[in-house]
Amino acid sequence: MSRRALAAALALTVLTMGSPAVASSGPSGHIRVDQVGFDTTEVKHAYLMTGATAPGARFSVIDRRGREVLRGTAGRDLGSWNTAYPHVYDLDLSRLRKPGSYRIKSGSIVSPEFAIAPSADPAAKALTFFNGQRDGARATRRPSHLNDRAAEVYDWPVFTGDDTDQIKGELTKIGGPVDVEGGWFDAGDYLKFTHILAYTDTMLWAAVRDGGGDRRLRAEAGHGLKHLDKMWDEESKTLYIQVGIGAGNAEGTFVGDHDVWRLPEADDGDTAEGHRYIRNRPVFRAADPGQPISPNLAGRTAAAFGLAAQVEPSRSRARALLEKGASVYAMAKTADVGRLVTSLPWAFYPESAWRDDMELGGAELALAALRLGDSRAGEWVAQSAHWAGEYLRHEAGGDTLNLYDVSALGHADLVRAMRRSGASGTAVSQRDLLGDLRAQLEVGARRAAQDPFRAGARYDQFDSVPHAFGLAATSRLYRAVSGDRAYDAFGTQQRGWVFGANAWGVSFMQGVGGNSIQCPHYQIANLTGRPATGAVVNGPNSASLFDDGLGGHFEEMTKCPADGVDRYESFTGRGSRFVDDVRSWQASEPADDFAAIALYALTLMSRD
């Protein structure tokens, strides 16, 4: 037995199921744990955060009948969180393997419940969220925005500043009508963006392919693809990028989506003054018909069609999907790119990287072509490899898997395409791609090693939760193409951080875990009183974003929490803050891309 194993054995004793719980004194504080739980063989950790030093604090794990099943002592102090909780200790639960529901006790501190071999399926709850996000005739609540079936096309608006969505002057009609009915709402509002749609549907189709093809998942991915097919007009070579506007104009002659708190089914009949673009929503296009398209959009849109073609049972339908992907991929503007096209205004989604999208699009088209025996497979492998090489030269090291960087999935699927095609002499090697996947994981692992809750994502800026899920997904993608399990435990820690093993003790997916977010910035849930089950929110953000308060409530908004108390204020630390309040869009707004990467990560991890 190694010294490490011997030390673990001495520090941690697994007890027989008949042992009664033993009361003991201990520190004051909180225990944070993944409130969903762990697979039987996963590395398992929880965290004891205290206001005073507690070296060697004793803890035990008890089952639902109050019987002690594991006993141990806290590990080393992992560092300070804030002045109220200057100590965070590691609790190693890895030897607990028997399926069941448990809590951790240390003195008077008791953790939320968690499970070993949990029956709960968070990925299925993410699907529930997408089902609730549906727009159009197939909306699960009531049909909404049916006027989108005959929407007018407008020129890009002029905004009053670079960091605002307020429009200057009037909108100029340039075409239409076009049918853009359907799809999903983007977030807590009712706008629709192709930039988000293509990414989201890519993740859903990847989950279909890599997760066994669940029928409900396939149906939801198909719902998104149907709308993506409307947004790409193959005949005129036009990609529509947005339905609706965020704000009204400075002159006050019209309002936008963010100016009105309401249910979506009210919009088609809204005849209030200045609400003409609520009732008849404007559509905007990426470029003039037949002109090159921003490469980020072309790449990720092609990827969605390519992934769908990989799993479509009908080969004729799969070939048609491949052709759609090929046609939009060929329209990518890869010279004199300039600022990327994402949304109007660009500040909504300020993406700067695009070579990863082109790599991903080529890889997915290649895999679809290989499945269908299409002779263009080698060409797409070569193109994907070219853009992977350009990504490694120009963009690598800046980000990890999320809405703004899809290289992790691109790398993994390019490796698969290279192996299946037998490609050689490409612009990058499989070793190069595996090396960058490992480098992305190392970015998170180095950050986690310095964090008391082992968070690999930065939580003092936007998108902390989707970045955590992205790292979890990347750990499994890397293992799938390398055979190396070195980052499995790291990936598990990132999932745990999202589900409650964080300073706030909150699960950032509503309805998942015993203490999940309660007051998302989400109109439908707020106005109907029904929870947004499966909604994944931004999570903690820079504390400075809250310096001016949360602002007032819309007149129609239901106050949540009802008493207005911030129950998590004492856990503000390390430059970050989380507020569970319907007004705190900076932290509590859900979004499709958040739920999509969560669903993909959880799907990959469920197949461990």
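Trainee: What is the volume of the second largest cavity?

Mentor: In this predicted model, the second largest cavity has a volume of about 60 Å³.

Trainee: What makes it a cavity and not a pocket?

Mentor: A cavity is a set of points where a 1.4 Å probe fits but cannot get out, whereas a pocket is an open set. The space of about 60 Å³ is counted as a cavity.

Trainee: Which residues line the second largest cavity?

Mentor: Its lining is made of Asp34, Phe38, Val43, His45, Tyr47, Thr492, Gln493, Gly496 and Ala501. Strand S4 (45-50) and H13 are the elements that give two or more residues to this lining. H13 gives the most, with three residues.

Trainee: How do the lining residues of the second largest cavity divide into nonpolar, polar and charged?

Mentor: Four are nonpolar, four polar and one charged.

Trainee: Why are S2 and S7 called edge strands?

Mentor: The open sheet has three strands in the order S2-S4-S7, with antiparallel pairing. Strand S2 (29-32) and strand S7 (87-92) each pair on one side only. From one strand to the next, the twist averages 20 degrees.

Trainee: Now to Ser507. Why is Ser507 called buried?

Mentor: Buried means under 20% relative accessible area. Ser507 has a relative accessible area of 0%, so Ser507 is buried. Ser507 lies in the loop between helix H13 (488-498) and helix H14 (523-528).

Trainee: Which residues does Ser507 touch?

Mentor: Leaving aside residues up to four places away in sequence, Ser507 touches Gln35, Val498, Phe499, Gly500, Val512, Asn515, Ser516 and Ile517.

Trainee: And how many cavities of 30 Å³ or more are there?

Mentor: There are four cavities of 30 Å³ or more. The largest cavity has a volume of about 80 Å³. Its lining includes Trp184, Phe193, His227 and Asp592.

Trainee: Which element gives the largest share of the lining of the largest cavity?

Mentor: H3 does, with four residues. The lining of the largest cavity divides into six nonpolar, three polar and three charged residues.

Definitions and conventions. Residues numbered from 1 in each chain as written. Predicted model: local features only at pLDDT ≥ 70, side-chain atom pairs only at ≥ 80, totals over all residues. Heavy atoms only, no water. Buried < 20%, exposed > 50% of the residue type's maximum accessible area, 1.4 Å probe, protein only. Contact = heavy atoms within 4.5 Å. 1 Å grid on protein atoms, 1.4 Å probe; cavity = no way out; pocket = protein on both sides within 12 Å on 5 of 7 lines; lining within 4 Å. Points joined across faces, edges and corners; volume = space filled by probe spheres on them. Nonpolar A, V, L, I, M, F, W, Y, C, P; charged D, E, K, R; others polar. Pairing = 2+ DSSP bridges. Axes fitted to C-alpha atoms, helices over the stretch in contact; angles between N-to-C directions.
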